[in-house]
Amino acid sequence: MYKTDIRLMAFVASAMFWGSGYAADNSIYIDQSGDNSTITMTQDGSGNKVKGILANGTAGGTTDPAKLTGNAQTINVEQIGQGNSLALGANTTQGGSVSGYANVGVHLNYQVTGNLNTALININNNGTGTAAGNVVDIQQSGNTNTTTLRMTGTSNQFTVNTTGGNSNTVTADVNASNTVTTINHSGGGGNNTTVDMTGNSGQVSVTTVGASNTTSVTQSAYSSLGSQTLIDITGSGNTTNVTQSGVADHYTNIKLYSGSNDNNITVSQSGTYNHSADITLRAGSSTNTIGITQSGGGASGGQTAVLELLAGSSNNNVSITQQVIVTGK
């Protein structure tokens, strides 16, 4: 079976891949095609670049690519320093078996350490094909880093861990069913998370530890298999918005832990079937503002809102609105 194993340092040069500079302003160009490939890229310094995409995952630069095409790919990218940029597109038409995962199209590991780094990652870059069973794992450490992921396909896993930094941004645009997204922010403040997920049986899990973080989750499911969002918050001054719509069942569970004050939480659920929102405020959480709006359902389903204000939580402002819409007779 055809297999490729490629390892690139920032200063490596070859016919297809080249680098300039040594510890700063390094650049990697890659245009890879083939199944069962293992690609490893490492850059250390400032102003490093892995160039590419378009067609049309956008970004692009000088002579473009940073495109990897094939099934059962393992892609490892590590950038250390500040002001680094990544623009990477990976395209697959079916799943394989990679790194202990069954039926994986692309298994991407991206690790960035430092400040002011940006990454654009597009899984199934040309927007066609099956792209089944993709696994993306992102480790982000530092301040003011921005990671954008676009993903299509089915049965995907997407994990982001942001540690020890402030003002980091994670944006995920996922058009895929049976996809689990897990995002963890810890040890910093002013972090921004945006997840826009379309597809059935999707799950978004966000854990935020810190202050003044913003989390926005939008889910749309279009069959009897619904979507769910799970959010845990520890810290003050955070803003959390969850919007779930479409035909299917929707579930949201949000927990505010001790010391979580002055948070603003909004949950909006609409669609034909069942809606459920469960929010828990633990001891020591106070002066939080919570709004839940549920509409739709009618004869096809119901709406449930559960609010738990545990002993020691105080001065919280809660609003719950439920509306049943019945059409026809």
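A strand, as the word is used on this tour, is a DSSP run of E that is at least two residues long, and strands are numbered from the N terminus. Keep in mind that you're looking at a predicted model.

**Stop 1: strand β28.** Select residues 317-324, and you have strand β28. Now click on V318, which sits in this strand. Is V318 buried, exposed or partly exposed? Its relative accessibility is 30%, so V318 counts as partly exposed.

**Stop 2: strand β18.** Head over to residues 192-198, which form strand β18, and pick out T193 there. With a relative accessible area of 0%, T193 is buried, because buried means under 20%. Which residues does T193 touch, leaving out those up to four places away in sequence? Select V170, I183 and H185, then T214, T215 and S216, and you've got them.

**Last stop: the whole chain.** Zoom out and colour by secondary structure: the protein chain has 28 strands and zero helices. The chain runs to 329 residues, and 47% of them are buried. Next, look at contacts between residues at least 6 apart in sequence: 58% of those join residues at least 24 apart. The accessible surface of the protein chain is about 13,100 Å², and carbon and sulfur atoms account for 49% of that.

Terms used:
Residues numbered from 1 in each chain as written. Predicted model: local features only at pLDDT ≥ 70, side-chain atom pairs only at ≥ 80, totals over all residues. Heavy atoms only, no water. Helix = DSSP H or I, 4+ residues; strand = E, 2+ residues; numbered from the N terminus. Buried < 20%, exposed > 50% of the residue type's maximum accessible area, 1.4 Å probe, protein only. Contact = heavy atoms within 4.5 Å. Areas by Shrake-Rupley, 256 points an atom, 1.4 Å probe, with all protein chains shown as cover.
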